[in-house]
Amino acid sequence: MALDMEHLLLQVQKPARYSGGELGSVMKDKKDVFIRFAFCFPDLYEVGMSHLGMKILYGLYNREEDTWCERVFAPDADMEQKMRENDIPLFGLESRDPIKDFDFIGFTLQYEMCYTTLLHMLDLAKVPLLSAERDEQYPLVIAGGPCACNPEPLADFIDIFILGEGEEVNIELNNLYREHKKRGYVKRDFLLDAAKIEGVYVPSLYDVTYLSDGRIEAITPRDTAPKKVRKRIIKDLDKAYYPETFVVPFTDIVHDRAMSEIFRGCIRGCRFCQAGFIYRPVREKSPETIDRQSHALCQSTGYEEFSLTSLSTSDYSRLEQLLPQLLEWAEKEQVNISLPSLRVDGFSEELAKRLNVLRRSGLTFAPEAGTQRLRDAINKNLTETEILETARRAFSGGWNAVKLYFMNGLPTETKEDIRGIAELGHKVVDEFYHLSDRPRGKGVTVSISVSCFVPKPFTPFQWEPQDTMEQLQEKQKYLLSEIKTRKISLSWHDAKVSFLEAVLARGDRRLGAVLLEAFRRGFNLDAWSEHFDFDAWMDIFDSLGLDPAFYANRRREKDEVFPWDHLDYGVSKAFLWKENQKAHESHTTPNCREHCSGCGAACFKGGICVEDGQTVVQ
Amino acid sequence: MLKTVRLLFSKTGRARFISHLDLNRTMTRAVRRAGIPLWYTEGFNRHPYLTFPAPLSLGYEGLAEIMEIRLEEDMPSDELVSKLQAVMPEGLCVFEAFEAQRKAGELKSAAYTLHFTCPADPVRELLAQPSIFVEKFSKKKVLKTVDIAPAFAGAVVEDVENGCKMTVTLPCGGEGTVNPSLFVTALKQKLGEDIPCHVVRTALFDPDGCPFR
Ligand code: SF4
């Protein structure tokens with residue numbers, strides 16, 4: 001006998017992940033609804049529910065009276081088994097209706113390793129995976145998020161990619177769909193029309209041809225599709241939609257708190273960091289807006305904590321004005337403020353104490369590289385003196401643990417740079433023991449965490465080869481041998497996962513076949529190490545005659561046509577190449593606030609590029 | 001000494017999937033949303049005083065559950081109820097507030113109804129046995145065999161549409177608790193298959209058999 005949902009939920013772990021009904025979740029009367037939208041996060045509830053972008057779009061869509069947006073997450077293995085046994089297709093948490101009957105299925109692509117989960121979810125929804133096999137009786141499958149800047153590996157599966165920020169373009173797309181649905185929706189007509197909206201990329205309207213060695217020859221638009229699709233940005237964040245409430249989960253999630261976005265983009269331009277380029281230009285919210293939105297969110301959700309989110313909290317230009325303003329009500333109402341990615345050094349003792357800066361986040365630094373030479377090459381502006389001084393201050397204040405984040409395999413990295421990681425660790429340890437007022441009776445622990453560099457599209461390193469796994473493992477061994485004290489603990493990311501990320505990040509359409517085969521072999525939730533099977537992945541590449549090293553470990557020529565060359569994120573290829581060359585000379589580039597370097601993002605006519613009136617137009 | 005306020009609430013529908021731990025968090029946030037001045041413990045890690053004298057198992061519905069809070073300042077009961085009710089998620093409904101009368105330790109028993117998706121006969125047969133042995137974990141996490149027949153002696157079974165319904169009052173509180181799931185387990189043992197069962201806790205009682213207040 002097939003179980004009904006109520007009984008089924010009693011047989012799985014943490015059923016509150018699938019029950020729906022959380023405070024803030026939106027229920028609508030189906031008879032008033034014309035468009036159904038399934039917002040899918042291709043990972044577990046705990047991860048997806050922590051994601052700010054989803055909360056924004058959920059609120060945004062549901063503000064449209066005739067549109068009902070519901071949440072969908074990847075079910076955990078036990079739930080999936082129960083669903084398959086009882087023939088329950090993937091459903092929206094709010095209505096529990098199968099999403100195969102919706103108008104849209106929308107995915108957010110936050111990391112490459114979610115691609116197999118995405119396919120898995122489509123299958124669980126009983127929707128054909130291939131875009132070409134979905135006719136008018138199936139939902140349109142759309143996707144956005146950072147990985148949409150090179151979505152080519154997913155081009156066969158997704159009907160529409162949204163480039164850049166979604167607040168405006170998603171609604172424009174929804175409006176267009178409404179018109180089409182009213183007069184009888186024909187998929188092909190709709191896609192042609194949609195491609196006229198800026199920020200909308202319809203992959204099926206482009207032909208890709210390859211050279212005999214596997215590189216791309218050309219990407220050619222068909223019909224009326226634009227030659228280049230430019231991403232969208234929100235120019236004025238003070239006027240942009242921001243949710244007044246969040247869905248408040250019952251069960252514990254990764255980031256269970258209110259979140260206030262304080263700015264988008266990053267002034268820095270660290271050369272390995274994709275976010276630093278694809279979200280340009282920097283646009284700040286005013287302290288008044290942040291204060292109002294944060295307070296409203298805490299009151300409507302009851303959260304006892306909120307975080308200020310951005311790529312680099314310390315770079316918010318009016319932090320000294322904002323924080324006391326927030327503290328005024330937060331302290332009264334027993335609300336904690338969390339400040340991720342904050343540089344502790346610039347803070348007054350008093351403010352640091354009121355904010356509990358250290359207690360909440362601990363002392364962490366991300367020097368990324370072990371020597372000043374390499375930090376200059378990657379344009380990471382953090383000096384050894386800054387690190388040691390902040391550490392000293394924290395040790396005097398009773399702290400005895402420091403976390404340091406590094407990357408292995410950065411372009412131009414030498415043995416000396418790797419030794420530099422160990423040396424920096426040792427210096428932090430020494431700093432502790434040289435201090436006369438260090439915490440008594442305690443030792444110091446320095447945790448060094450090392451990830452593997454993954455070259456990404458739209459960064460100055462998009463031309464660079466990734467180190468081979470053997471090279472990375474060699475480097476890890478060498479670093480270990482350079483660590484001379486038990487006070488330092490060392491951990492790394494799996495080079496195999498990073499290798500696959502590198503393949504997918506700069507992959508082309510031919511990888512669609514790899515993903516499809518991975519799906520057929522049952523791969524799912526690859527972002528979770530217990531599910532990830534590297535050898536099986538390599539076997540697939542083998543069987544399809546594709547060489548993953550072609551994507552991950554190959555140095556590209558300056559003028560090679562990239563799979564993402566028809567997508568325009570403002571930042572020009574010429575600028576990125578210049579940055580690449582500067583990296584090889586270990587020359588730094590000033591941040592956008594010091595000096596505009598003419599990256600190309602001024603084309604959006606917003607944010608820092610226009611505020612300072614100093615933009616270099618090229 | 002601050003007054004302890006007890007709130008009666010129901011937990012039904014989708015809300016029955018909220019675990020006990022999650023319910024604490026959910027209610028704390030609801031009280032905060034309502035702008036009710038909760039009393040916070042002093043010290044380094046301040047937390048609000050908010051407890052449940054009789055935790056309800058995940059998946060059960062409860063019609064008259066109890067939550068205890070302490071407030072910074074007094075608030076009329078009906079204001080407390082209406083403010084809270086305005087901010088509750090689906091399935092949670094606060095309907096009465098009063099000052100605690102009994103000590104939490106004086107909670108004695110609870111009434112349940114169990115809806116089985118099977119005919120009444122096997123349920124009656126099982127109840128008629130002189131002893132019903134099931135295994136359960138003791139507080140110290142060791143598996144032991146217990147006889148639940150005495151606790152279920154007063155159970156009443158009737159036929160309903162799509163199955164049968166058992167009504168039973170079981171020990172619940174400081175002096176010992178018998179979870180109705182033990183009977184579901186025993187029935188599964190007897191029939192050799194899982195019988196979906198929907199459990200509702202309908203009331204909590206003091207030693208006099210009156211609603212616990
Ligand atoms: S155009 Fe200039 S100011 Fe604008 S993002 Fe680029 S470098 Fe920064």
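Predicted model: local features only at pLDDT ≥ 70, side-chain atom pairs only at ≥ 80, totals over all residues.
Residues are numbered from 1 along each chain as its sequence is written, chains are lettered from A and ligands numbered from 1 in the order in which they are written, and side-chain values use heavy atoms, with hydrogens and water left out.

Next, turn to chain B. Its helix α1 covers residues 20–33; helices are DSSP runs (H or I, at least four residues), as are strands (E, at least two), numbered from the N terminus. From first C-alpha to last, α1(B) reaches 20 Å, close to the 20 Å expected at 1.5 Å a residue, where the expected span is 1.5 Å times one less than the number of residues. Ten of the 14 residues of α1(B) are buried, so the helix is largely enclosed by the rest of the structure. Buried means under 20% relative accessible area, exposed over 50%, and partly exposed in between (1.4 Å probe, protein chains only). Among the buried residues are B:Leu23, B:Met27 and B:Val31. Their cover includes α9 (287–301) of chain A, as well as β1 (4–11) and β3 (61–70) of chain B. Just after α1(B), B:Gly35 takes a positive phi of about 70°.

Finally, consider the salt bridges. The whole structure has 71 of them over all chains, each a side-chain nitrogen of Lys or Arg within 4 Å of a carboxyl oxygen of Asp or Glu. One joins A:Lys31 to A:Asp29, with the closest N and O atoms 3.0 Å apart. A:Lys31 is exposed at 69% relative accessibility, and A:Asp29 is partly exposed at 40%.

Another salt bridge pairs A:Arg232 with A:Glu172, at 2.8 Å between the closest N and O atoms. A:Arg232 lies in the loop between β9 (229–230) and β10 (258–261) of chain A and A:Glu172 in helix α6 (residues 166–182) of chain A, so the pair ties together parts 60 residues apart in sequence. A:Arg232 is buried at 11%.

Key:
Contact = heavy atoms within 4.5 Å.
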